[in-house]
Amino acid sequence: MNREHILEFLIDNPVFFLATCHHDQPHVRTMRLLRADENGIFFSTSRNKALHRQLKANPAVEMCFYS
């Protein structure tokens with residue numbers, strides 16, 4: 001799969017799982033893709049949510065897309 005195929009797959013399958021870690025405990029949530037292009041993969045969350053705090057504290061995440 002090349003970059004073009006990967007971006008096409010992401011756009012065609014916008015629902016994904018995002019895993020973060022907080023105090024060595026995993027947290028997985030269902031998310032929806034806003035955009036995927038040559039600049040990256042974009043999704044949204046609110047600044048007052050735990051997800052935002054977890055991303056600020058540890059930006060290492062895993063994303064699982066499926067069709």
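I started by noting the cut-offs for cover: buried is under 20% relative accessible area, exposed is over 50%, and partly exposed is in between, using a 1.4 Å probe and protein chains only. By that scale Cys-21 is partly exposed, because its relative accessibility is 29%.

**Ground rules.** I am looking at a predicted model, where local features need pLDDT of at least 70, side-chain atom pairs count only at pLDDT 80 or more, and totals for chains, interfaces and linings use all residues. Residues are numbered from 1 along each chain as its sequence is written, and side-chain values use heavy atoms, with hydrogens and water left out.

**Overview.** I looked up the chain and found 2 helices and 5 strands. Here helices (H or I, at least four residues) and strands (E, at least two) are DSSP runs, numbered from the N terminus. Going along the sequence, I read the pattern α-β-β-β-β-α-β. The C-alpha trace spans about 35 × 20 × 15 Å along its principal axes. The chain has 67 residues, and 22% of them count as buried.

Which strands sit together, and in what order? I found an open sheet of 3 strands, ordered 2-1-5, with antiparallel pairing. Strand 2 and strand 5 (62-65) are at the edges with a single partner strand each, so one side of each has no neighbour in the sheet. From one strand to the next, the twist averages 25°; axes for this are lines fitted to C-alpha atoms (for helices over the stretch in contact), and angles run from 0 to 180 degrees between N-to-C directions.

I then checked strand 1 (residues 15-22) against strand 2 (residues 25-32), and they pair in the antiparallel sense over 8 bridges. Two strands count as paired if DSSP finds at least two bridges between them.

**The surface patch.** Val-28 turned up again, in a nonpolar surface patch with Phe-17 and Tyr-66 that has about 280 Å² of accessible area together. Areas come from the Shrake-Rupley method with a 1.4 Å probe, and for residues only the protein chains shown count as cover. Patch members need over 30% relative accessible area and no salt bridge; nonpolar side chains (Val, Leu, Ile, Met, Phe, Trp, Tyr) are joined within 5 Å, like charges within 9 Å. Phe-17 is partly exposed, since its relative accessible area is 32%.

Cys-64 is partly exposed at 41% relative accessible area.

**The salt bridge.** I counted 1 salt bridge, meaning a side-chain nitrogen of Lys or Arg within 4 Å of a carboxyl oxygen of Asp or Glu. Arg-35 makes it with Asp-37, and the closest N and O atoms are 2.8 Å apart. Is each partner buried or exposed, or in between? Arg-35 is partly exposed at 42% relative accessible area, whereas Asp-37 counts as buried at 16%.
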